[in-house]
Amino acid sequence: MPDIIHLLPDNIANQIAAGEVIQRPASAVKELLENAVDAGASRIKLIIQDAGKSLVQVIDDGKGMSETDARMCFERHATSKISGIDDLFRIRTMGFRGEALASIAAVAQVELKTKRTGDTLGTYIEVENSAVKKQEPCSCPEGTNFSMKNLFFNIPARRNFLKSNASEMRHIVDEFIRVALAFPEIFFSLTSNGEEIFHLEKGTVKHRILQILGNNYASRLVQVVEKTDYLDISGFAGKPETGKKTRGDQFLFVNNRYIRSAYLNHAIMNAYQDMLPDGSFPMFVLFIDLDPSQVDINVHPTKQEIKFEDEKIIYAFVNAAVKHALAQSSIAPSLDFDLDPAIQQLDAVSKPFTEARINEAAAGNLFKTFTQKYQAHRVEPGGNFRDLQHFVLKPGEPYQPGLGSDGGQYPDDTHSNTISDNYLFAKKASSRLSVHDNVQPIQVLNSYILFASDDGFIIADQQAAHERIIFEQISATSSSGTAVTQQLLFPATLEFNPADAAIFSEITVDLLGLGYKIEPFGKMTFILQGIPADLPAGQENTMIENILEQYKNFNPEIKCTKREKLLRTIATARSIKSGTPLEISEMQGLLISLAKCQNPGTSPAGQAIYAECNAGMIARLLGIRKSGTNGL
Ligand code: ADP
Ligand code: MG
């Protein structure tokens, strides 16, 4: 038998590797724009033909490349931005992996003209299939002019995978906007098929936001500025009335890099709590800046997902900063504003950013103290109750950090539930909840259900409760294989982009087990023939989109199987949301079903569902020192 293993030729290997970085014209747009930014350009022009399928060209006035560098830049792992692994944690540039140009050169025809400041002649290079076709000196302006032509000309299968021009152009505009928002000090333009769509003169962040997202935001922005020695947060958040039905106008940047983070999105949305109607997404453009050693940007090929050394700190700060901003412009209820002193008191927040403290931070000390303090702050039960504790503390009574349980939204907060005297509310440790059949609940803030218990009162989060109920119901049906399907009269067509289609086909098998009847129809289209019998018909498409959206944004920190992840996702997608008014009978039904759950205490995402305030706590809340009277 002959041996069968052989090495792939370089150009094939490069084509395969390119798949990670260059998926569509917009990926090249992102990489080329970032290279121009890294080169220190002050003017960057993007030129597109045919939604980038025939041309993506970026012209910058940055520092340019030498003749040798111009040739080198197409090699895989060729970069001027890092030299060792340690540099990864000092990164201030957008690029560093040295893969973009090699990838582009593997899957397109490339022309590069570049000249360094001060050189008399520049270099012209043509590359195709990872091989240099032509190289000669040329006269050209200082800076770099990079053209990528006929993307995937040599991989027809991938070229066929590209979507309609409208859709590819949308992706390009998205990438363009992300870079342009982060660098308002740079001029950007975007020309598509000869027509200039964006012409963005240099200006302030606000100026840039209005240029891009529209002047109608002008009087509806709230400035966010919080400077601490751990991180700075700046930018703008839209007033609640800017809420839209989609997340379109939400931008979060970490060290000027656009990132996606369901977790931090939650921090921001949470700051708007109760100010937004359900299903409404406020506009925001927020910049988080922190020491690069506190973030790992090398966890994703296109760097859109990053890892923070301590995500919880960032969560708290982002949440507080947005709340603070909204409160100052007196949009948020003033109660929330009372919250701020607790965060403001933290050393990390109040002390100035000095050299010594930077070093301390780097050494991890400050970081640690801050982490502990911060956890102390957030151990108070969540939601709108967390500041009640401050009311209970008598003047002079110390604020005691470091005790207690989580009030967090995510299940990685698994500190034990210590109940100290300072604690107003204790999460019920017992896994049993008893609810009388004739319970008389009232709804608070359209989000919480309050009812009397044998020993005081209980306050429950309606959304978390409903998620738990649905989760247990669908887990039972799916594991017993008893899901009942209702056939749709008019089957719905579900169309996805390639990425979403891949994710969706990953979950169809499990959806079948839950009563959905789905058939693939070509690569990116599915036909929905039936839905679970207990779902109201008529909103199938939205429901599926919701499920997919939630599934994609699922907090990666939650470790669970794919099936469980799907069940949780569906529970969230189908649940009654916070902010929804409920009838008494609905609340009764909810509480009685919750009491029947195996685990009524925590939502599928690990959040506490209810907390009880017992007689002793009520007494303390009201400052009643002597117990024994009136049964308290
Ligand atoms: P990375 O950006 O990760 O370093 P790239 O493949 O994007 O990798 O680019 C490789 C190198 O080519 C860069 O490190 C940089 O030195 C050089 N380069 C790329 N684009 C430009 C540009 N527009 N101007 C100047 N130098 C550039
Ligand atoms: Mg790059």
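This is a predicted model: local features need pLDDT of at least 70, side-chain atom pairs count only at pLDDT 80 or more; totals for chains, interfaces and linings use all residues.

Visitor: Which element gives the most residues to the lining of the second largest pocket?

Guide: The lining has 34 residues, and those closest to the centre of the pocket are Asn35, Met65, Ser80, Lys81 and Leu101. At least two residues each are supplied by α2, β2 (55-60), α3 (67-72), α4 (100-107) and β6 (143-149). The element that gives the most to this lining, with six residues, is α2.

Visitor: How many of the residues lining the second largest pocket are charged?

Guide: When the lining of the second largest pocket is divided by class, 15 residues are nonpolar and eight are polar. The remaining class in that lining is the charged one, and its count is eleven.

Visitor: Which residue has a side-chain N or O atom 2.5 Å from an oxygen atom of ligand 1?

Guide: Around ligand 1 there are 18 residues, of which Asn35, Thr79, Ser80, Lys81 and Gly98 come nearest. A nitrogen atom of the ligand lies 2.9 Å from an N or O atom in the side chain of Asp60, while an oxygen atom of the ligand lies 2.9 Å from a polar backbone atom of Leu101. The contact at 2.5 Å, between a ligand oxygen and a side-chain N or O atom, belongs to Thr79.

Visitor: What percentage of the accessible area of ligand 1 does the protein cover?

Guide: An oxygen atom of the ligand is 2.9 Å from a polar backbone atom of Leu101. Taken on its own, ligand 1 has 530 Å² of accessible area, and the share of this that the protein covers is 91%.

Visitor: Where does the largest share of the lining of the largest cavity come from?

Guide: A search of the whole structure finds four cavities of 30 Å³ or more, and the largest cavity has a volume of about 90 Å³. Its lining has 15 residues, with Lys30, Glu34, Arg178, Val179 and Tyr258 closest to the centre, and two or more residues come from each of α2 (25-38), α6 (165-182) and β12 (257-258). The largest share of the lining, four residues, comes from α6.

Conventions:
Residues are numbered from 1 along each chain as its sequence is written. Chains are lettered from A and ligands numbered from 1 in the order in which they are written. Side-chain values use heavy atoms; hydrogens and water are left out. A residue is near a molecule or strand if one of its heavy atoms lies within 4 Å of it. A polar contact is a pair of N or O atoms within 3.5 Å; within protein, one must be able to donate a hydrogen and the other to accept it, and residues adjacent in sequence count only if both atoms are side-chain atoms. Accessible areas come from the Shrake-Rupley method with a 1.4 Å probe; for residues, only the protein chains shown count as cover. On a 1 Å grid over the protein atoms alone, a cavity is a set of points where a 1.4 Å probe fits but cannot get out, and a pocket is an open set with protein on both sides within 12 Å along at least five of seven lines; lining residues have an atom within 4 Å of a point. Grid points are joined across faces, edges and corners, and a volume is the space filled by probe spheres set on the points. Ala, Val, Leu, Ile, Met, Phe, Trp, Tyr, Cys and Pro count as nonpolar, Asp, Glu, Lys and Arg as charged, and the others, Gly among them, as polar.
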